[in-house]
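Please find below my note on the model you asked me to look over. The points are numbered so that each can be taken up separately.

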Amino acid sequence: MKKSAKIVIVVMIAGILVLAALRLLKKDPPVEAVPLPNVSVEAPVRADIILESGLIGTVEPSDIIHVTPKVAGEIVETYVEAGTVVAQGQPLCRIDNQKQIDNAKIQMDSAAVAMQNAQATLSRMQVLFATGDISAQAFEQTQAQARSAQLQYEAAKLGYDTQVEFSTVTAPISGSLESVSMDLHSTVSQSSVLCVITGEGLRKVTFSVPERIRDGLQIGDEIRLEKQGTTYQAAITELASMISPQTGLFEVEATVENGQALATGSTVKLYVVSSRAEDVITVPVDAVYYEGGDAYLYVCEASTTVHKVPVETGIFDDEKIQILSGIAMEDAVIVSWSSELYEGSQVNVVTKGQAAEKGPGAGGQQTAEDGPAQAGGAEDGPAQAGGAEAAALEAADDTETSAQ
């Protein structure tokens, strides 16, 4: 029993020594180099950046007339109602100004009598002047009096005709009657508004803008209108140079093309150009970073080295941003993000197509996939150790059998 115990101890010690030797002789797997991060680069591009501001406007007809009477008096007849479409010159109502008409007729008749007397005197004086019975000076004076009497008659007749004409109020333009204030037998003055006529021509939209937007607008600039899913085009026709005391803003008017479907007085959403930068250096807006309020971006030098470049930016939209200074047109601007971007870092430049195929972090995924395959080789180590241990135990069994 003592000999068997010694043999077992010897075998165990031999196995431990073999395992220790195998562990010491085992080689660590080689450390793989970390691949460089993939980045996409683009050169700056010259482009236009146009920014729009949304506002609210009111639709109005291009022609709107407030009709007032030219004489005071009582309305004795009305010919139209609200909503009626009228033609230019069409009668709207009649005002009783008979007293003014009668007075004008008296003046006209008096002037006609004076003119007839002056003409008769001139005829007699002409005969006397021809026979030499009166002087040329007296004849010229008679001619002047006859001419003056004729002018007075013409003035009186014009006054009479005007009073007759003004008794009937007519439409100054063709259009639609938006409102009517002509009550029968009511008395009106020359300042009373009888009705409002909107023309049948183009529509216009009026809106207000602050000084910041006003400075960027010009007569003729195009604007865009939206109403119930329909888009209309308009052009600025009037641009106020003074602030409205009611709103504290600048009033603007624009004529709408094909806007007959827009109801008068309705509100519309409109868009005007608030800022504009034409033919400027631009880069993708996502390529610009900020630190402490200062803008910077990364450029790639010699296709591998990253440099952090401070830049001065201008206006921007959803896709691009204006670069005022800091880069040149030939610079390779890094437009993709990576956590390993910093001054002096090394990168691998790929095209957009390659970046799409590999996807973000493609290099890291490739290393992770290779890892298990190499780890499998390392797993062969324990299998080899197990075979050596079995061989040692088998040798010990043979020794024990020989001893017996």
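Predicted model: local features only at pLDDT ≥ 70, side-chain atom pairs only at ≥ 80, totals over all residues.

1. The mean pLDDT of the protein chain is 82, with 83% of the residues reaching 70 or more.

2. The secondary structure of the protein chain comes to six helices and 22 strands. Among contacts with a separation of 6 or more, 73% are accounted for by residues 24 or more positions apart. Of the 404 residues, 29% count as buried, while the protein chain exposes about 24700 Å², of which carbon and sulfur atoms supply 53%.

3. The largest nonpolar core has 21 residues, and those that touch the most other members are Val205, Phe207, Val209, Ile223, Leu225 and Val272. At least two residues of this core come from each of strands S2 (45-61), S11 (203-209), S12 (222-227), S13 (230-243), S14 and S15.

4. Leaving aside residues up to four places away in sequence, Ile223 touches Val205, Phe207, Tyr232, Gln233, Ala234, Ile236, Ala254, Tyr271 and Val272. Val205, Phe207 and Val272 are also among the residues named, with Ile223 itself, as touching the most other members of that core.

5. Is Ser266 buried or exposed? Ser266 lies in the loop between strand S14 (250-256) and strand S15 (267-284), and it counts as buried because its relative accessibility is 14%, against a cut-off of under 20%. The side chain of Ser266 reaches the backbone oxygen of Ala263 at 2.7 Å. Not counting residues up to four places away in sequence, Ser266 touches Gly57, Thr58, Val59 and Lys227.

6. The last point concerns a local strand pairing. Strand S19 (residues 312-316) and strand S20 (residues 320-325) run antiparallel and are joined by three bridges. Together S19 and S20 form a hairpin, with three residues between them, and within this pairing Phe316 stands opposite Ile321 in S20.

Notes. Residues numbered from 1 in each chain as written. Heavy atoms only, no water. pLDDT = per-residue confidence, 0-100. Helix = DSSP H or I, 4+ residues; strand = E, 2+ residues; numbered from the N terminus. Buried < 20%, exposed > 50% of the residue type's maximum accessible area, 1.4 Å probe, protein only. Polar contact = N/O pair within 3.5 Å; in protein donor to acceptor, adjacent residues only side chain to side chain. Contact = heavy atoms within 4.5 Å. Pairing = 2+ DSSP bridges. Areas by Shrake-Rupley, 256 points an atom, 1.4 Å probe, with all protein chains shown as cover. Core = buried A, V, L, I, M, F, W, Y, C linked by side-chain atoms within 4.5 Å.
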